[in-house]
Amino acid sequence: MSFYHRAADQLLSVVTNQKENNFFNFLGYEGYVFEYMKNYSGLMARVKVEHKKDARSKQGLFDIRGFMNGQKLTHHQLFSDLLKYSNLRQCGMIWRGEIPEFTNDKERHTLITLAMLMFEQEINFGNESFQRKSWFSPNVERSTFKRPRDLLMGYIWYMFENKNVDCLKKFENDKGLLLPPNDPKVKKEFFNKLINSDKVHALMTNNYNNYSLFLKIASNSKDNPNTI
């Protein structure tokens, strides 16, 4: 089973058992914690007035906030650490939903953090009523992506090829977040090739046994008040 499925099951357990707290250890790793932002209290549920026309009715319903062993890493810092402490093969295993053997504690921390960020993307972006629309959502017309986490994986591949984390700065916004690539050559060489990986699936599809439970909970939940 993909670890994305196991982590989603953890989130479902928290969502459906409101007598417990809203936290869970990601895949049982001590210190790597997600908080379920219930009642549309997370960042993904916030909708600017000018974006209401594109917002989904339950957007942010399952939003989660990660605490990576007491640290919050920017994409730039995470990618820098991946370049220093890990390699493309290990990152590819995380992308596929497999936890590799860690060579040391620094690699362990960096790869678990990557896994958490990729899981967040699979929860928050996509085609469902509780996910935000994005150019890296699966099955979006003209998209080069099949899975929300492809955004990170494509840039990781690009970074290792260039052996330099600073090559990613031109793809970041002013908050340091990575945007979909606008360079046709980069898209072709490092993102379009990911599409050929037919055995690697987005989380919110029928390949995940409890996918329908997320849909059922969403259908029975009130709309995000920020989208009205």
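The report below takes up the pockets and then a helix pair.

## Basis of the model

This is a predicted model, in which local features need pLDDT of at least 70 and side-chain atom pairs count only at pLDDT 80 or more, while totals for chains, interfaces and linings use all residues. Residues are numbered from 1 along each chain as its sequence is written, and side-chain values use heavy atoms, with hydrogens and water left out.

## The largest pocket

The largest pocket holds about 1,600 Å³ of space (a pocket being an open set of points on a 1 Å grid over the protein atoms alone, where a 1.4 Å probe fits, with protein on both sides within 12 Å along at least five of seven lines; the volume is the space filled by probe spheres set on the points, which are joined across faces, edges and corners). Its lining, meaning residues with an atom within 4 Å of a point, comprises 41 residues, of which L43, M44, F125, R132 and L177 lie nearest the centre.

The largest share of this lining, five residues, comes from α4, and β3 (64–68), α4 (105–124) and α5 (150–162) each supply at least two residues (helices are DSSP runs of H or I with at least four residues, strands runs of E with at least two, numbered from the N terminus).

## Helices α1 and α7

Helix α1 (residues 3–16) packs against helix α7 (residues 211–219) at an angle of about 30°, with the axes 11 Å apart (axes are lines fitted to C-alpha atoms over the stretch in contact, and angles run from 0 to 180 degrees between N-to-C directions). The pair is therefore roughly parallel, a term for angles under 35 degrees. A8, L11, L12, V15 and T16 of α1 meet L213, F214 and I217 of α7 in this contact, defined by heavy atoms within 4.5 Å.

Definitions and conventions. Angles under 35 degrees count as roughly parallel, over 145 as roughly antiparallel, 65 to 115 as roughly perpendicular and the rest as oblique.
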